[in-house]
Amino acid sequence: MTRAWIFVPIVLALLLSGCMNRSFKDIDKRLFVTAIGVDRAEENGPYKISLKLGIPSKGSEKGPGQAEVVSEQAESIPEALRLLKAKFDKELDFNHTKMLVFGEPVVRRSVDPLIDYFSRRRDIQGIAFVAVGSPNAEEVLKVTPKSETFPGNSLFLTFEENGTSSAYSVTAYLFDCFRRLNEEGLDPYMPVIEPEGDRYRINRVALFDKTRLVGILSPRETKSFKELLQSYRKMDMIVRSPRLDFTLFAEKYDRDFSIRSGSRDRIAVRVKIAGIVEQTKAPVFEQDWSKFEVAAGQEVNEQYLSMLRRLQSWKVDPFGFGLLYKAARYRGDADWKRWQRIYPSIEFDVRTKVKITGTGILK
């Protein structure tokens, strides 16, 4: 009996050592992948995969972390990743990957197999950001802003809106994109990232149907898109007319969607804005503010209506109007087929009520 107990610690030690050697890797034996780019391959397959790796500082060196971008082409994404692993002496760790960039040419052909693959991987977070890289994903990953404290941090801060909050940058997540690809009445969207020297330009949004990219909105349309999508409060509007010329900054913003039925179905968009006159060519404090409010409301109506009609012409529905339509009806597939038939020609009824609360700290 005593001899049997002596062998128990030995067996446990052997088992633990085997687990340590096979499944556990020390941090100094890992390379952390912060971003992944997917492009169309020039040769050797349909995909070109690029990884942005965080390179740790040596010894006691201080300062911003360095980055390295490596690429490989293959017939499939898993094969490309295995070929990339063969280039390093350390394990590639994807648990810290927070950015997925898809090259514009590849998503113009198809996006659903890419989203499906990354959603299946256990080591890719569902809250990873997704975006379109223009002209391609590899060029986006190669950008290293001087303000970056570690590889990819500049994009993370942008889309988390912890560092900056722009009216032109839209955030999209992997889990939400997967849901939109598989949900009737709701379509995906992604921000467009363009390299500009050692910085990024992010002021456009790409729209998708259930298969591929169908169109990209202009910066002005992207601003309207974000306001309606997220009830984005920090908005401004420029009103230009022969008699009125001013800029309004919104302090309060609210919007509501509904499907109105009648002799002809229509989508009602109701917007309420309250804000201050931020810039003007002439003093407005002593004037009648009602005419400024009416002009501002008309300006917003025109911008939103133009953007909504563009989405309608592309037959995409990122706001979920189709979901609202189905939720108020009870015939299932018949209602969905009818919505698909009427959406390309349905009327938008956009009405904006603007309230001016002041002129800043000056009259």
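The largest pocket is lined by 14 residues, and D187, K315, W336, Q340 and Y343 lie nearest its centre. A pocket here is an open set of points on a 1 Å grid over the protein atoms alone, where a 1.4 Å probe fits, with protein on both sides within 12 Å along at least five of seven lines; a lining residue has an atom within 4 Å of a point. By class, the lining has six nonpolar, two polar and six charged residues. Nonpolar covers Ala, Val, Leu, Ile, Met, Phe, Trp, Tyr, Cys and Pro; charged is Asp, Glu, Lys and Arg; the others, Gly among them, are polar.

A word on the source. This is a predicted model, in which local features need pLDDT of at least 70 and side-chain atom pairs count only at pLDDT 80 or more, while totals for chains, interfaces and linings use all residues. Residues are numbered from 1 along each chain as its sequence is written, and side-chain values use heavy atoms, with hydrogens and water left out.

Now two helices. Helix 2, residues 77-85, packs with helix 4, residues 112-120, at an angle of about 55 degrees, their axes 11 Å apart. Helices are DSSP runs of H or I, at least four residues, numbered from the N terminus; axes are lines fitted to C-alpha atoms over the stretch in contact, and angles run from 0 to 180 degrees between N-to-C directions. The two helices are therefore oblique to each other, oblique being what is left after under 35 degrees (roughly parallel), over 145 (roughly antiparallel) and 65 to 115 (roughly perpendicular). On helix 2, I77, P78 and L81 meet L114, Y117 and F118 of helix 4, with contact meaning heavy atoms within 4.5 Å. That contact has six nonpolar, no polar and no charged residues.
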